[in-house]
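Let us read a protein model feature by feature. Keep the viewer open and follow each turn.

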Amino acid sequence: MRSPASLSVALLVITGLLRQPAAAQTPLRAKDLAPGVFLVASRELRDSNFKASVVLLIHYDPSGAMGLIINRPLKLPLEELLTELPEARGNKDPSYEGGPVSPESVLALLRSTAKPPRTEEVLGEVFLISSERPIVEALKAGVKANRFRAFTGYAGWSAGQLDREVDLGAWHLFRADADTVFAPDTAAVWPKLIRRTEFRIANRPPMNTDKHR
């Protein structure tokens, strides 16, 4: 049986926050990496840690990047993940695998029209929780899975690593949106976005190779 995850989370420095709407049709490139961007694993990405995953970037700067996989629910309800918190007792909402780094840590995302105290905005209506007290307050308020999700671990990249992976085609980039982050059917998230990627590629205007016309 899996031991309860510790709530001791390393300090996160969240910078460069985006407030832009989702699913922009203009293709994004490595230069567009920033908090509030979705990383959609390509069909060719076979790494078991990220195969068919959608990652929400929560931090990006010259020192590296951090994100949360949003489409991997665990067979671990919140009451078992957060056993140290009385407010989680009886809560059967699922927890999620945020990534392979520091799986003993817990981070959470909260959807709100106004910024809750002690949270960091990732994109419009989506806020990152990296400490215990706002988690307790969300549980006390009875916030459900359509507005609150807890994650074990996170995805992390060293300086320049994610940029190289994007340039090599491992990831497709999209502007993130709150509806997708908190989608009720997580199994449909990656197929929907990968189809959008393929549609975007199929409809890309052909290059004009005749420079003399």
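## Reading strands, rings and cores

A65 stands opposite W157 in β9.

Q: What should I know about the model and its numbering before I start?
A: This is a predicted model, where local features need pLDDT of at least 70, side-chain atom pairs count only at pLDDT 80 or more, and totals for chains, interfaces and linings use all residues. Residues are numbered from 1 along each chain as its sequence is written, and side-chain values use heavy atoms, with hydrogens and water left out.

Q: How many helices and strands are in the chain?
A: Helices (H or I, at least four residues) and strands (E, at least two) are DSSP runs, numbered from the N terminus. The chain has five helices and 10 strands.

Q: What percentage of the residues count as buried?
A: Buried means under 20% relative accessible area, exposed over 50%, and partly exposed in between (1.4 Å probe, protein chains only). Of the 213 residues of the chain, 48% count as buried.

Q: Which strands does β3 pair with?
A: Two strands pair if DSSP finds at least two bridges between them. β2 and β3 run antiparallel and are joined by six bridges. A hairpin through two residues connects β2 to β3. D61 stands opposite G64 in β3. β3 and β9 also run antiparallel, with four bridges.

Q: Is β3 covered on one face or on both faces?
A: In a regular strand the side chains alternate between the two faces of the sheet. In β3, both faces are covered. G64, M66 and L68 are buried on one side, and A65, G67 and I69 on the other. Six of the six residues of β3 are buried, so β3 is largely enclosed by the rest of the structure.

Q: Which residues cover the faces of strand β8?
A: Both faces of β8 (residues 126-129) are covered. V126 and L128 are buried on one side, F127 and I129 on the other. Strand β6 (residues 101-111) pairs with β8 in the antiparallel sense over four bridges. A108 stands opposite I129 there. Strand β7 (residues 120-123) pairs with β8 in the antiparallel sense over three bridges. The bridge partner of E120 in β8 is L128. Two residues lie between the strands in the hairpin of β7 and β8, and E125 takes a positive phi near 75° in that hairpin.

Q: How many aromatic pairs does the structure hold?
A: Rings of Phe, Tyr and Trp (its six-membered ring) pair if their centres lie within 6.5 Å; planes under 30 degrees apart count as stacked, over 60 as edge-to-face and the rest as tilted. The structure holds four aromatic pairs. One of them is F50 with W157, stacked at 5.9 Å centre to centre and 25° between the planes. This pair links distant parts of the chain: F50 is in the loop between β1 (37-41) and β2 (54-61), W157 is in strand β9 (residues 148-158), and they are 107 residues apart. Both F50 and W157 are buried.

Q: Why is the pair of W157 and W171 edge-to-face?
A: The ring centres of W157 and W171 are 6.2 Å apart and the planes lie at 85°, so the pair is edge-to-face. W157 lies in β9 and W171 in strand β10 (residues 171-175), so the pair ties together parts that are 14 residues apart in sequence. Both W157 and W171 are buried. Ring pairs link F50, W157 and W171 into a cluster.

Q: Which residues have the most contacts inside the largest nonpolar core?
A: A nonpolar core is a set of buried Ala, Val, Leu, Ile, Met, Phe, Trp, Tyr and Cys residues joined through side-chain atoms within 4.5 Å. The largest has 46 residues, and those with the most contacts inside it are F38, L39, L56, L109, W157, L162 and W171. A second, separate core of 17 residues includes L76, L78, L81 and L139.

Q: Which backbone atoms does the side chain of N71 reach?
A: A polar contact is a pair of N or O atoms within 3.5 Å; within protein, one must be able to donate a hydrogen and the other to accept it, and residues adjacent in sequence count only if both atoms are side-chain atoms. The N71 side chain reaches the backbone oxygen of A52 at 3.0 Å and the backbone nitrogen of V54 at 3.1 Å. N71 lies in the loop between β3 (64-69) and β4 (73-77). At 11% relative accessibility, N71 counts as buried.
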